[in-house]
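Welcome! Please take a look at the sequence and the 3D structure shown here, and then read on for a guided tour.

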Number of protein chains: 2
Amino acid sequence: MQTLSEYFPFWAKLNESDRRALEGAARKAKLSAYERAGKNGDSCAGLLAVQSGRLRIYTVTETGKELTLYRLFEGDICLLSASCMFRSLQFAVRVEAEEETQVIVLPTESFRPIAEHSAPAANYVNELMASRFSEVMWKVEEILGKKMDSRLAELLLEEASLSDGKTVTVTHERLAAHLGSAREVVTRLLRYLQDEGMVRLSRGKIEIADEARLQKLARETA
Amino acid sequence: MQTLSEYFPFWAKLNESDRRALEGAARKAKLSAYERAGKNGDSCAGLLAVQSGRLRIYTVTETGKELTLYRLFEGDICLLSASCMFRSLQFAVRVEAEEETQVIVLPTESFRPIAEHSAPAANYVNELMASRFSEVMWKVEEILGKKMDSRLAELLLEEASLSDGKTVTVTHERLAAHLGSAREVVTRLLRYLQDEGMVRLSRGKIEIADEARLQKLARETA
């Protein structure tokens, strides 16, 4: 599979036998919209290289609240789908396709022994983990530093930018799952945003009515 | 410095010249209570091995709120004091001694080149980062899953366990900084806990009056 060299920058620094081992083990997989990776109990399938589509990485609290930690797009590598590689990684996240998503799976059992002896592979994993750790720290700062209305405004702008720039077709329930909040809270805040003229609500969609004011609200700190 | 082999499990797998380089570069440092590591602008001093005392790793939001992410004790290694080793680590934390703390500093400029070519060193860093990432994820789950009164109850029990098991001598302001909250909120909640008979407040200290009920409150999910 010649594309592995495009996704994994340490490829050129692997020896021939490591490359052959990974090429032999790599496989393509397709996830449908809203399908979870590892849903068949294989929660540590391996590194996932996103060829097309979009992955959502989220956590679920004891009480069932979801919070989107970050999203991965074309060219990104999902590390936490290989979390069992790290003895000290003591948390679980879920990985879900947000639309039809094509990935290359580098199985954990093939990649782990290579990272163990190859410093370039291990350091690549370090950078990947540092990057995902950073995403989570930004989320912490967002949660601490912003009120829910600002976080919702930011999310609506992000969701709109993923469609036509003006319309959000995501349910209130999913918006709540992104924010770590409850559907009722989101519905109440959306009505407030509509009263203020920032959005227009209609069946199954939310239209951005005043992008400038939503952006201003999204930037507000608590 | 023969103690490096005790702190760093990859020591036995380094070659002789790497060991000599680290031994030559390592130095001891002492932090007073409430002194910040890297306060002289050197925010990327290196890995810190805690020989005695206690470090608090915390973040500060745009609006100046503090949140304690985790603490490090004797034998622990502080990784984020070497954050500039990782191009993809895009956040800053602060490191502060909570009491007089003795550390061994492994300077970033000496450790970085070794992690670049030594797979055992790089994999050790991976495990360290996975461990700190896990601490932050637990914090996220705590913030999402618990109300502030439960989080305060948990913190009071933790603080008491670090002193005599019964008394907390930390100011309301510092309790707020641990929780990512405001002093006023903490003072109000402490008065509520006192009204409920769970704590007794007096000048400069908080006594645990009903440990069992505090533990029950600490376990409650929102």
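## Terms and numbering

Two strands pair if DSSP finds at least two bridges between them. Helices (H or I, at least four residues) and strands (E, at least two) are DSSP runs, numbered from the N terminus. With that in hand, β3(A) and strand β6 (residues 94-97) of chain A form an antiparallel pair over four bridges.

This is a predicted model, in which local features need pLDDT of at least 70 and side-chain atom pairs count only at pLDDT 80 or more, while totals for chains, interfaces and linings use all residues. Residues are numbered from 1 along each chain as its sequence is written, and chains are lettered from A and ligands numbered from 1 in the order in which they are written.

## Chain A at a glance

Chain A has eight helices and ten strands. Its C-alpha atoms fill a box of roughly 65 × 30 × 30 Å along the principal axes. Of the 222 residues of chain A, 38% are buried; a residue is buried if 20 or more other C-beta atoms, placed from the backbone, lie within 10 Å of its own, exposed if 12 or fewer, and partly exposed in between.

Contacts tell us about the chain too: two residues are in contact if their C-beta atoms, placed from the backbone, lie within 7 Å. In chain A, 68% of the contacts with a separation of 6 or more join residues 24 or more positions apart.

## Strands in chain A

Let us return to β3(A). The hairpin of β3(A) and β4(A) has five residues between the strands, and in it A:G64 takes a positive phi near 90°.

Elsewhere in chain A, an open sheet of three strands runs in the order β8-β10-β9, with antiparallel pairing. Its edge strands, each pairing on one side only, are β8 (167-168) and β9 (199-202) of chain A. β9(A) and strand β10 (residues 205-208) of chain A are joined by four bridges in the antiparallel sense, with A:L201 opposite A:I206 in β10(A). Helix α7 (residues 183-195) of chain A packs on this sheet, touching β9 and β10 of chain A, and its direction makes about 125° with that of β9(A). Axes here are lines fitted to C-alpha atoms, for helices over the stretch in contact, and angles run from 0 to 180 degrees between N-to-C directions.

## A sheet in chain B

Now to chain B, where an open sheet of three strands has the order β4-β3-β6, with antiparallel pairing. β4 and β6 (94-97) of chain B are the edges, each with a single partner strand, so one side of each is left without a neighbour in the sheet. From one strand to the next, the twist averages 30°. Strand β3 (residues 55-60) of chain B meets β6(B) in the antiparallel sense over four bridges, and B:I57 stands opposite B:V95 in β6(B).

## Helices in chain B

Which residues of helix α6 (residues 172-179) of chain B are buried? They are B:L175, B:A176, B:A177, B:H178 and B:L179. What covers them includes β4 (66-72), α5 (148-162) and α7 (183-195) of chain B. Just after α6(B), B:G180 has a positive phi of about 70°.

Two of those covering helices also pack on each other: α5(B) and α7(B) meet at an angle of about 80°, with their axes 10 Å apart. They are therefore roughly perpendicular to each other, a label for angles of 65 to 115 degrees (under 35 is roughly parallel, over 145 roughly antiparallel and the rest oblique). B:M148, B:D149 and B:L152 of α5(B) make the contact with B:V185, B:V186, B:L189 and B:Y192 of α7(B).

## How the two chains meet

How many residues of chain B are in contact with chain A? There are 39, and they touch 39 residues of chain A. On the side of chain B that touches chain A, α3 (108-117) and α4 (119-145) of chain B are the elements that give two or more residues. The largest share, 20 residues, comes from α4(B).

Chain B can be laid on chain A with an RMSD of 0.0 Å by a turn of 180° and a shift of 0.0 Å along the axis. That is the relation of a two-fold axis. Copies are superposed by least squares on the C-alpha atoms of residues with pLDDT of at least 70 in both. B:A119 comes closest to the rotation axis of the residues of chain B, at 2.0 Å (C-alpha). Since 100% of the interface residues of chain B are also interface residues in chain A, the copies meet through the same surface.
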